[in-house]
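Here is a short report on one protein chain. Keep the structure open while reading.

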Amino acid sequence: MAQTVVSINHLQKFFGKFQALKDVTFDVNPGEVFGFIGPNGAGKSTTIRVLLGILKASGGQATIFNEDVWQQAVAIHNRIAYVPGDVYLWPNLTGGEMIDFLLKLNHQKRTAKTDELIQEFELDTKKKSRSYSKGNRQKVALIAALSTDADLYIFDEPTSGLDPLMEEVFQKHVLALKHQGKSVLLSSHILSEVERMCDRIGIIRAGEIVETGTLDQMRQLTRTQVVVQTKQELAGIETLAGVHTFKADEQIANKAVFAVNTAQIGAVMAELVKREIVTLQTTPPTLEDLFIRYYNTEGTEGHEK
Ligand SMILES: Nc1ncnc2c1ncn2[C@@H]1O[C@H](COP(=O)(O)OP(=O)(O)OP(=O)(O)O)[C@@H](O)[C@H]1O
Ligand SMILES: [Mg+2]
């Protein structure tokens, strides 16, 4: 039986009277890339800091490799690699020295893979860390983490300072880790990145997980957009279960635009077929639609895109 890599149950965290985490529950399975998304201040970094044993939880349980994250922090750290959202480096070390130092902290050595990563991320390793931009500081931490041989990789918004080409390099390496059977916990604001790489997604809002599942499962909860034209009249479609915002085209006969609950799409399609479909275009909800759906409900602390 494969063990769960990360297991979080009803995790809570108070900072004084303020409750940053109210109820965080999710698992990361072996060989899985788990996407952790949510607006600013939702509790992503706090959850990650609890996992790393930097913060002590106020309630609930969190384990990594079945070990308690607080009690066994040192042992767990030997098997994980971590990249924070804000990377701080020692200003007097060069990027290359910094990479070596970060590897050493994790009991690792520079390998051919490290050099390969330096090339791919196009990092000038001879410059002092103090002269690096945010993106370059992130590259230093990413190169060290990606060349670490770990079982679990935790990235907290790792690509916020990277340009799209570098983001692609990062994604390629994360997918390679996944193919090697490694597990990845990735918090991100870049929905296309999450959509492309993550097997499962957890959405956190105001310290609570509001949804967990695969993108397909989440899509079941929302509506697909349909543009259709039929030979026969569309009468009756708008009253079918699951059909919303039906709008007949004013110029073209038997053409309409509407939204349908993804769960009812089969039944609606069967009705359209009876009316002889001429053209049909369906657009599944994007992660962004899902995101906005959760963020627009009351009780949100802040709004992202
Ligand atoms: N050390 C702290 N002391 C007091 N409050 C804190 C502390 N760290 C975080 N918080 C609060 O806890 C909440 C969650 O913060 P957290 O950094 O986990 O959010 P996040 O989801 O990572 O946001 P972002 O997307 O902006 O990185 C916020 O309201 C934040 O102000
Ligand atoms: Mg954060």
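## Pockets

How much space lies in the largest pocket? About 510 Å³. This is a predicted model: local features need pLDDT of at least 70, side-chain atom pairs count only at pLDDT 80 or more, and totals for chains, interfaces and linings use all residues. Residues are numbered from 1 along each chain as its sequence is written, chains are lettered from A and ligands numbered from 1 in the order in which they are written, and side-chain values use heavy atoms, with hydrogens and water left out.

A pocket is found on a 1 Å grid over the protein atoms alone, as an open set of points where a 1.4 Å probe fits, with protein on both sides within 12 Å along at least five of seven lines; lining residues have an atom within 4 Å of a point. The volume is the space filled by probe spheres set on the points.

The largest pocket is lined by 24 residues. Tyr82, Pro84, Leu102, Leu105 and Asn106 are the closest to its centre. Helix H3 gives the most, with 5 residues. Strand S6 (80-83), H3 (95-105) and helix H5 each supply at least two. Helices (H or I, at least four residues) and strands (E, at least two) are DSSP runs. By class, this lining has 18 nonpolar, 5 polar and 1 charged residues.

The second largest pocket has a volume of about 190 Å³. Its lining divides into 3 nonpolar, 3 polar and 5 charged residues. Among them are Arg49, Asp86, Lys134, Asp156 and Glu157.

## Cores

The largest nonpolar core holds 44 residues. Such a core is a set of buried Ala, Val, Leu, Ile, Met, Phe, Trp, Tyr and Cys residues joined through side-chain atoms within 4.5 Å. Buried means under 20% relative accessible area (1.4 Å probe, protein chains only). H5 (residues 134-146) supplies the largest share of this core, 6 residues. Apart from it lies another core, of 27 residues, including Val50, Leu52, Leu152 and Ile154.

Phe155 is one of the residues that touch the most other members of the largest core. Its contacts (heavy atoms within 4.5 Å) include Ile48, Leu142, Phe170 and Val184, not counting residues up to four places away in sequence.

## Helix H1

H1 (residues 44-51) is mostly covered, with 6 of its 8 residues buried. They are Lys44, Thr46, Thr47, Ile48, Val50 and Leu51. Just after H1, Gly53 takes a positive phi of about 75°.

Note on methods
Buried < 20%, exposed > 50% of the residue type's maximum accessible area, 1.4 Å probe, protein only. Nonpolar A, V, L, I, M, F, W, Y, C, P; charged D, E, K, R; others polar.
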